[in-house]
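Please examine the sequence and the structure shown below. The paragraphs that follow lead from the overall fold to selected residues.

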Amino acid sequence: MAVLYVILSWTVMFLLFLAFIAFLSFCLYMKHIHNKYDHIPGPPRDSFLFGHSPSFLRALKNDEVIFDTFLEWAENYGPVCRLNLLHYVVILVTCPEGTKEILMSPKYPKDYSYKRLSQLFGLRFLGNGLVTTQDHELWYKQRRIMDPLFSSLYLRGLMDTFNERAEKLMTKLVEVADNQTEASMLRLVNFVTLDVIAKVAFGMDLDMLKNKSVFPDAIQKCLKGMVFNIRDIFFQYKPKNRPFVKEVREACRLLRTTGAQWIHDRKTAMQNGEDVSKDILTQIIKSAGKEESMTSEDEELMLDNFVTFFIAGQETTTNQVAFCIMELTRHPDILEKLKKEVDDVIGMKRDISYDDLGKLVYLSQVLKETLRIYPTAPATTRDVPNDIVIDGIHIPKGVACFFSSYVTGRMDKFFKDPLKFDPDRFHPDAPKPYYCYYPFSLGPRSCLGQTFAQMEAKLVMAKLLQRFDFTLSPGQTFDIVDNGTLRPKSGVVCSVRHRNDKK
Ligand code: HEM
């Protein structure tokens, strides 16, 4: 017994010694990292080991927009600003030259944080889909297959669906347009964008304004989970978070099993020789390879892209339209000018054509200005595998560079009086912003759905402006929720009335 006791105590001592050595080595490694990168300006670290992570976690806990902190740091520490997250070093780049050099080049792949988006609390989520894949070859193969569906020729053909789905929202608004009933514009617009993406991407009729659907909640759960998962690596291991983690996993499973079902149905239709639409779902199936040689990874890749398009194809557009309505409620002069343009171009017409959209120039300006102050997909990151000099500062390899259109869009040096909502900044004759405005990102990994999204946003806005007036309900704030994407906190709850109704 005594021998056993001695062996046990020695084993414990040995393990403690090993743990101590591991900890010491990690501290030495941290010191090395600090020595290597501390010449780059940056805010003081919250802690030697955790770096600036505690600031991130505080912001997350207090429901703050972390990008406001980044803005403050960029203003205080300059265009190349160092952030430490444990042993990772991330450089917040706000100078146009550095932004251009890195984002425009295929040499800098998406960084490790996209790996964390590929999984959600241990479940495969966006996987190796178009937004998250870090592998250039795999990305290029997928993008090439998807590109034709986003050409202007193809998009013209979607106008009927855009019109028809947006018309359902108009019908719904007629029901509530008594200047009393309160309606969340964020929620209602989301029904349209989900309807549109389900129809044009996957050939499914959700008709969300009539039928209750589990998808909006599931998508929000996953997005919220994504933020916690990426900003707090210990989140899922904390016992108090277990119920939330379970809900997020269920939501993630729901999206992927829905994808599996819809893909299965489509494949069956294809095998039966049915005339299927040449839409995103068909391309997703094509991009995965031949049926006979399809591996389980190919199957998973199809689901990755299903979830990618289901989320990317509606969330950010919804939020853009909702922010736009929110801003218009406090800018009557801009609203009047917009209504006049819509009256001139569209008049009383029910269906809006592709060419009409091109003529709505001021509406384009308003939507661009909305994305300047509220870039609904606020940031992107790139791995820097070689030493690089940005704005005269030498940056040794091994860091990630972080770019945020939220930060640059709100900097006085790029946009005078940045919090003023002023669509004239985007007047066709005004100078174009130089690599400081990129709500759709830039370069090879920029948004595939940019034109799609702006057609949809314009069409929904034009129909709303043609027919209705809005007043923001009392108690509504102009605050933002940082849910991975940015969205209006209060949901833009409005009372609605017909334009000719002077009540
Ligand atoms: C206002 C609406 C939208 C905004 C602001 C937006 C913004 C962005 C941004 C910033 C990225 C780069 C993401 C990153 O670097 O991590 C991106 C990528 C992407 N977006 Fe969008 N997006 C919008 C709408 C859409 C729509 C409607 C679709 C599809 C129908 C879409 C599909 C994609 C895809 C597939 C990518 C990945 C592109 C690639 O890496 O090749 N987006 N988007």
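**From overall fold to single residues**

Among contacts in the chain between residues at least 6 apart in sequence, 72% join residues at least 24 apart; two residues are in contact if their C-beta atoms, placed from the backbone, lie within 7 Å. The model is a predicted one, in which local features need pLDDT of at least 70, side-chain atom pairs count only at pLDDT 80 or more, and totals for chains, interfaces and linings use all residues. Residue numbers start from 1 along each chain as its sequence is written.

The chain holds 19 helices and 13 strands. These are DSSP runs numbered from the N terminus, with helices (H or I) of at least four residues and strands (E) of at least two. The radius of gyration of the chain is 25 Å, close to the 23 Å that the globule rule gives for 503 residues, so the chain is as compact as a globular protein of that length. That radius is taken over C-alpha atoms, and the globule rule is 2.2 Å times the number of residues to the power 0.38. Along its principal axes, the C-alpha trace spans about 90 × 60 × 45 Å.

An automatic or database domain assignment divides the chain into domain 1 (1-37) and domain 2 (38-498). Their centres, taken over C-alpha atoms, are separated by 45 Å. Seven residues of domain 1 are in contact with eight residues of domain 2. The side of domain 1 that touches domain 2 has four nonpolar, two polar and one charged residues. In this classification, Ala, Val, Leu, Ile, Met, Phe, Trp, Tyr, Cys and Pro count as nonpolar, Asp, Glu, Lys and Arg as charged, and the others, Gly among them, as polar.

Of the 503 residues in the chain, 38% are buried. A residue is buried if 20 or more other C-beta atoms lie within 10 Å of its own, exposed if 12 or fewer, and partly exposed in between, with C-beta atoms placed from the backbone. In soluble globular proteins, nonpolar side chains tend to be buried together. A nonpolar core is a set of buried Ala, Val, Leu, Ile, Met, Phe, Trp, Tyr and Cys residues joined through C-beta atoms within 7 Å. The largest such core has 86 residues, and those touching the most other members include Met185, Ile325 and Val460. Helix 9 (residues 185-202) gives this core its largest share, 13 residues. Ile325 touches Met185, Phe470 and Val492, not counting residues up to four places away in sequence. A second, separate core of 27 residues includes Trp73, Ile91, Val384 and Val407.

Val399 lies in strand 9 (residues 399-404) and is buried, with 23 other C-beta atoms within 10 Å. Leaving out residues up to four places away in sequence, Val399 touches Val89, Val90, Ile91 and Val384.

Helix 19 (residues 450-467) is largely enclosed by the rest of the structure, because 14 of its 18 residues are buried.

Two residues call for a look at their backbone angles. Most residues other than glycine have a negative phi. Asn179, in strand 5 (residues 178-184), has a positive phi near 65°. With 15 C-beta neighbours inside 10 Å, Asn179 counts as partly exposed. Asp207, in the loop between helix 9 and helix 10 (215-231), has a positive phi near 45°. Asp207 is also partly exposed, with 14 other C-beta atoms within 10 Å.
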